[in-house]
Amino acid sequence: VQAQGGNASQCYSLEMNAKAVERLAMEAELRYAVERDELLLYFQPQTLIPSLQVIGVECLVRWQHQGKLVPPFEFIPLAEESGLIIPIGEWILRTACQQAKAWQAQGMPLVVAINISARQFQHPKFFALVQQVLIETAVDPQLIELEITEGVVMQDADHTIELLQRLRGLGVMLSIDDFGTGYSSLSYLKRFPINKLKIDQSFVRDMDSDQGDAAIVEAVIRLGHSLGLTVIAEGVETAAHLAALEQLGCDELQGYYFSRPLPALDAQAFLQKQLLP
Ligand code: C2E
Ligand code: CA
Ligand code: CA
Ligand code: CA
């Protein structure tokens with residue numbers, strides 16, 4: 001019995017060890033992702049409701065690695081923990097601003113929304129980086145939107161408000177991502193100098209069958225509007241979602257119903273078809 005127990009725990013620790021080794025290997029590879037030009041941005045359109053006129057795009061990062069396209073949930077957490085999110089996030093910010101500038105120059109002044117991770121937002125040089133990239137790319141700051149998750153802004157709210165104010169001072173737009181999944185203090189929310197709430201897709205998914213989810217979506221839209229904010233729903237997949245959101249007065253949508261995230265050239269062709277004569 002004892003030998004068996006020993007074996008089992010040995011197996012367990014070997015398995016743990018294999019996981020740790022795999023993680024380390026991945027971290028080592030990720031370290032070179034920027035230098036080797038292995039990261040790319042996908043772009044998912046955002047539209048007005050109900051016209052479906054495209055007004056912006058969200059940038060979603062992918063890692064082209066050893067012949068595979070690695071989705072963000074497989075490397076963003078590792079990038080966060082290892083600190084690699086700082087150089088990776090800088091690449092994302094710069095690339096997104098260059099793209100916004102390029103589309104602006106082509107007669108497509110779209111708002112480009114960029115996901116900012118917790119560690120990136122809390123980095124002491126984040127503000128200076130945004131300022132520098134705006135100058136360097138000469139993009140209209142009003143075309144840049146920073147998406148920050150609810151959990152991040154609510155930590156150390158006083159400091160956050162000051163940082164958000166300075167960012168707004170640069171002219172960029174600010175949105176709270178995955179709204180409804182964290183714990184927002186409503187009294188703080190009122191003080192945040194933000195422009196937009198993004199309703200988390202987990203509430204949108206079943207809003208036509210689950211009354212609780214529908215109630216949350218409705219409450220977020222009302223709350224947002226009463227604070228003077230734009231409200232966008234993400235994860236919009238069906239005509240029924242759109243109809244329900246329109247009925248509730250939601251301003252904008254993003255989701256497979258209108259378009260999947262597209263690589264830059266496909267996104268550009270799609271946007272040109274939508275927006276240019
Ligand atoms: P998120 O910011 O909430 O992004 C929305 C996710 O929902 C994206 O997944 C998008 O592809 C997916 N999505 C869009 N429309 C639909 C839909 O209609 N139905 C469903 N089921 N899903 C939809 P993705 O690209 O895999 O990104 C996952 C998460 O990874 C993002 O969630 C974000 O938290 C993170 N992420 C992505 N790109 C970046 C980035 O550039 N920087 C940082 N820091 N995080 C990123
Ligand atoms: Ca997002
Ligand atoms: Ca989201
Ligand atoms: Ca999310």
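Q: Which element gives the most to the shell around ligand 1?
A: That is β2, with four residues, where a strand is a DSSP run of E of at least two residues, numbered from the N terminus. This is a predicted model, in which local features need pLDDT of at least 70, side-chain atom pairs count only at pLDDT 80 or more, and totals for chains, interfaces and linings use all residues. Residues are numbered from 1 along each chain as its sequence is written, chains are lettered from A and ligands numbered from 1 in the order in which they are written, and side-chain values use heavy atoms, with hydrogens and water left out.

Q: OK, and which residues come nearest to ligand 1?
A: Of the 19 residues around ligand 1, those are Gln44, Arg62, Asn115, Glu237 and Tyr256, a residue being near if one of its heavy atoms lies within 4 Å.

Q: Switching to the metal, what coordinates the calcium ion (ligand 3)?
A: Asp177 (OD), Asp178 (OD), Glu234 (OE) and Glu234 (OE) coordinate this calcium ion, at 2.0 to 2.9 Å; donors are N, O and S atoms within 2.8 Å of the metal, or 3.2 Å for Na, K and Ca, and the site may look incomplete because water is not among the atoms. Asp178 in strand β6 (residues 173-179) and Glu234 in strand β8 (residues 230-234) are 56 residues apart, and the pair links distant parts of the chain.

Q: Are those two buried or exposed?
A: Glu234 counts as buried at 8% relative accessibility, whereas Asp178 is partly exposed at 24%, with buried meaning under 20% relative accessible area, exposed over 50% and partly exposed in between (1.4 Å probe, protein chains only).

Q: What does Asp177 bridge?
A: Asp177 bridges the calcium ion (ligand 3) and the calcium ion (ligand 2), which lie 3.9 Å apart.
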